[in-house]
Amino acid sequence: MKKKLFAVLMAAAMTASLTACGSASDDSTADKSQSGDAQTESAESGASDAEKTEDGAASDSDKVYKIGICQLVEHEALDAATQGFQDALKEKLGDNVTFDLQNAQNEQTNCATICNGFVSGNVDLIMANATPSLQAASAATNQIPILGTSITDYATALGQSDFTGTSGTNISGTSDLAPIDQQEDMILELIPDAKEVGIVYCSAEPNSKFQAQQMEAALEEDKIAYKEYTASDSNEIQAVMTNACSSSDCLYIPTDNTMAASVSLIKDIALQYKMPVIAGEAGICEGGIATLSISYYDLGYATGNMAYEILVNGANVAEMPIEYAEATTKQYNQANCEALGITIPDGYEPIASE
């Protein structure tokens, strides 16, 4: 009996000892597990740091980039540039990029409000479509990268008299400037009897003033007279166009957002006065006879590629040269030419009608 009782007590003692050992082992394992997790987190953090490029750009495949787009106004050229920009980044980043696209309705104050909102929202990059948008973005931040598109002249837009092709700031982008001398050649070719050219644009758009000055210099070389007709906003276009058509042999309208937004009105007046219009871009040529065209979609696409280099590959926006359209095309508006009795020579392509 005593032997049995002793055996029972020994078994109980051994069981208690094993239970105690098991608890100690579990605690130790948990401690080791926690320590291992901490080491893993540290290693992952180190790996993340190691994945950064020398200029600080992270190659985190899970990052979703936020891009704010400020487009001055809706019209064919700017819409195409925005679409090209988005398509380029979507092709490269897929679902890892989001866009906050806002339209300023051709108001400078709206551009400022939109761009300040992008800064408050801490976007990764701002795309400014048209000169007033770029100026508003520049005023809103000197830290967030800014890319412009549909900008005619960056020196004029940024007020940099010593501009050399790179801004030296947080701004770069693409230009929609087509060679002005070739546009003047179109006037000489299509309206050879023109004695005075009316130059029509919005005085509130510095990019338009720049093109007007370039055209004036080209006309002076060929001893052709010219006169400027400027509207401060869309409300003045009808009066300005009527005045210009009454006093000119032909009109030149540069790439101008205010004019482009009122192109139907321009077309009506031009056809009423049987006035040939050489336009700075294809959208405005709805009211004209011919244009030296660039692809705004391709321009926006090139801007999207620049954005990718900045966001993913760490390119320094301050050192990125302004890019220009790779090709130009001589185009004509067939319906308007027929209405005005103008024969288009070889070398021009018809603008596709919608």
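Student: Why is the contact between lysine 63 and aspartate 124 called a salt bridge?

Tutor: In this predicted model, their side chains meet at 3.6 Å, N to O. The cut-off is 4 Å between a Lys or Arg side-chain nitrogen and an Asp or Glu carboxyl oxygen, so the pair qualifies. By this rule the count comes to three salt bridges.

Student: What makes lysine 63 and aspartate 124 a link between distant parts of the chain?

Tutor: They lie 61 residues apart. Lysine 63 is in the loop between helix H1 (2–50) and strand E1 (65–71). Aspartate 124 is in the loop between helix H3 (108–120) and strand E3 (125–129).

Student: Which helices supply at least two residues each of the negative patch?

Tutor: Helix H6 (180–190) and helix H7 (206–221). Glutamate 220 is found in helix H7.

Conventions:
Residues numbered from 1 in each chain as written. Predicted model: local features only at pLDDT ≥ 70, side-chain atom pairs only at ≥ 80, totals over all residues. Heavy atoms only, no water. Helix = DSSP H or I, 4+ residues; strand = E, 2+ residues; numbered from the N terminus.
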